[in-house]
Amino acid sequence: MKFFIDTANLAQIKEANDLGILDGVTTNPSLMAKEGIQGTEAILKHYKDICDIVKMPVSAEVISTDFEGMVEEGKKLAALDPNIVVKVPMIKDGIKAIKWFTDNGIKTNCTLVFSAGQAILAAKAGATYVSPFIGRIDDGNWDGIELIEQISHIYNTQGFKTLILAASIRTSLHIVKCAEAGADVCTCPLSSILGLLKHPLTDIGLAQFLEDAKKFA
Ligand code: G3P
């Protein structure tokens, strides 16, 4: 399973990249706003700055909701860097736009996916990635991990090539469960990635080893 970081924060992207286990970056308009990035020029520059840090796929989201607007925006985003993946919402015109991008050699990430039916449509349109929002599904008292399992089963059965990119990850356990459930990619906040490091027995064991090592120093 690949690890993407879900943020527009350059320091966190650098920190995750320095770990050596990063495979890509996803962003969305809310994450850009959180970093105070406003206005088309600033947003485009920020995407380019991210692409200059990581030579890996970077999802950049369109904010138009009509086919023509999405295609125009997506073309501009894709022209920024070869690693840009155009992120398109799961709506009717979004599916049309994903098909257009697919036919024109532009990679896509179909976002805001909450059901297996939506994941089938995204795959039919040729999306490179499909992004089921695990945390938000859990928020509604459904089971986000079950959706990953269901999409994984359908894609394997049908031979769809679209990659399952588990999004809206809230915990380190989500990452483990997504790996079990067959996600191809997990896009996570840095805190959830770093949380995978933690185990009290590691800390206790290391303290003991270091203490014992002093006896022979
Ligand atoms: O990748 C999608 C993600 O950014 C949404 O996360 O926590 O706002 O549901 P969240």
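**Helix H11, first look**

I started in helix H11, where Glu-211 and Lys-214 sit about one helical turn from each other because they are three residues apart. Helices here are DSSP runs of H or I with at least four residues, strands are E runs of at least two, and both are numbered from the N terminus. I'm working on a predicted model, in which local features need pLDDT of at least 70 and side-chain atom pairs count only at pLDDT 80 or more, while totals for chains, interfaces and linings use all residues. Residues are numbered from 1 along each chain as its sequence is written, and side-chain values use heavy atoms, with hydrogens and water left out.

The side chains of Glu-211 and Lys-214 make a salt bridge, N to O at 3.3 Å. My cut-off for that term: a side-chain nitrogen of Lys or Arg within 4 Å of a carboxyl oxygen of Asp or Glu. Side chains of opposite charge can pair when their charged atoms come close.

I checked exposure too. Lys-214 counts as exposed because its relative accessibility is 57%, and Glu-211 is partly exposed at 42%. The scale I used is buried under 20% relative accessible area, exposed over 50%, and partly exposed in between, with a 1.4 Å probe and protein chains only.

Next I looked at Asp-212 and Lys-215 in H11. They are also three residues apart, so about one helical turn separates them. Their salt bridge has its closest N and O atoms 2.9 Å apart. Asp-212 is partly exposed at 26%, and Lys-215 is exposed at 60%.

**Other salt bridges**

How many salt bridges does the structure hold? I got ten.

One of them joins the side chains of Glu-72 and Lys-75, at 3.2 Å from N to O. Both residues belong to helix H4 (residues 67–80), three residues apart, or about one turn of the helix. An α-helix has 3.6 residues a turn, so residues three or four places apart point the same way. Glu-72 comes out partly exposed at 43%, and Lys-75 is partly exposed at 37%.

I also noted a network of salt bridges that links Lys-48, Asp-52 and Asp-81.

**The ligand site**

Which residues surround the ligand? I listed Asp-6, Asn-28, Leu-31, Phe-133, Arg-136, Ala-167, Ser-168 and Arg-170. To make that list, a residue needs a heavy atom within 4 Å of the molecule.

Then I went through polar contacts, meaning pairs of N or O atoms within 3.5 Å; within protein, one must be able to donate a hydrogen and the other to accept it, and residues adjacent in sequence count only if both atoms are side-chain atoms. Asp-6 has a side-chain N or O atom 2.6 Å from a ligand oxygen. Ser-168 puts a polar side-chain atom 2.6 Å from an oxygen of the ligand. For Arg-170, I found a side-chain N or O atom 2.9 Å from a ligand oxygen. The ligand would expose 310 Å² taken alone, and the protein buries 81% of that. Areas come from the Shrake-Rupley method with a 1.4 Å probe; for residues, only the protein chains shown count as cover.

**Strand E1**

Is E1 mostly covered or uncovered? Strand E1 (residues 2–6) is mostly covered, with four of its five residues buried.

E1 runs parallel to strand E8 (residues 185–188), and four bridges join them. I count strands as paired if DSSP finds at least two bridges between them. Lys-2 faces Val-185 in E8. E1 also pairs with strand E2 (residues 24–26), parallel again, over three bridges. There, Phe-4 stands opposite Gly-24.

At the start of helix H1 (residues 10–19), a side-chain oxygen of Asn-9 comes within 3.1 Å of the backbone nitrogen of Ala-11. Just after H1, I noted Gly-20 with a positive phi of about 85 degrees.

I looked up Ser-59 in strand E3 (residues 58–61). Ser-59 counts as buried because its relative accessibility is 1%. Ser-59 and Lys-87 are 28 residues apart in sequence, but C-alpha to C-alpha they are 5.7 Å apart in space.

**Surface patch**

My last stop was a nonpolar surface patch of Leu-173, Val-176 and Leu-196, with about 250 Å² of accessible area together. Patch residues need over 30% relative accessible area and no salt bridge; like charges are joined within 9 Å, and nonpolar side chains (Val, Leu, Ile, Met, Phe, Trp, Tyr) within 5 Å. Leu-196 is in the loop between helix H10 (190–195) and helix H11 (200–215). At 36%, Leu-196 is partly exposed.
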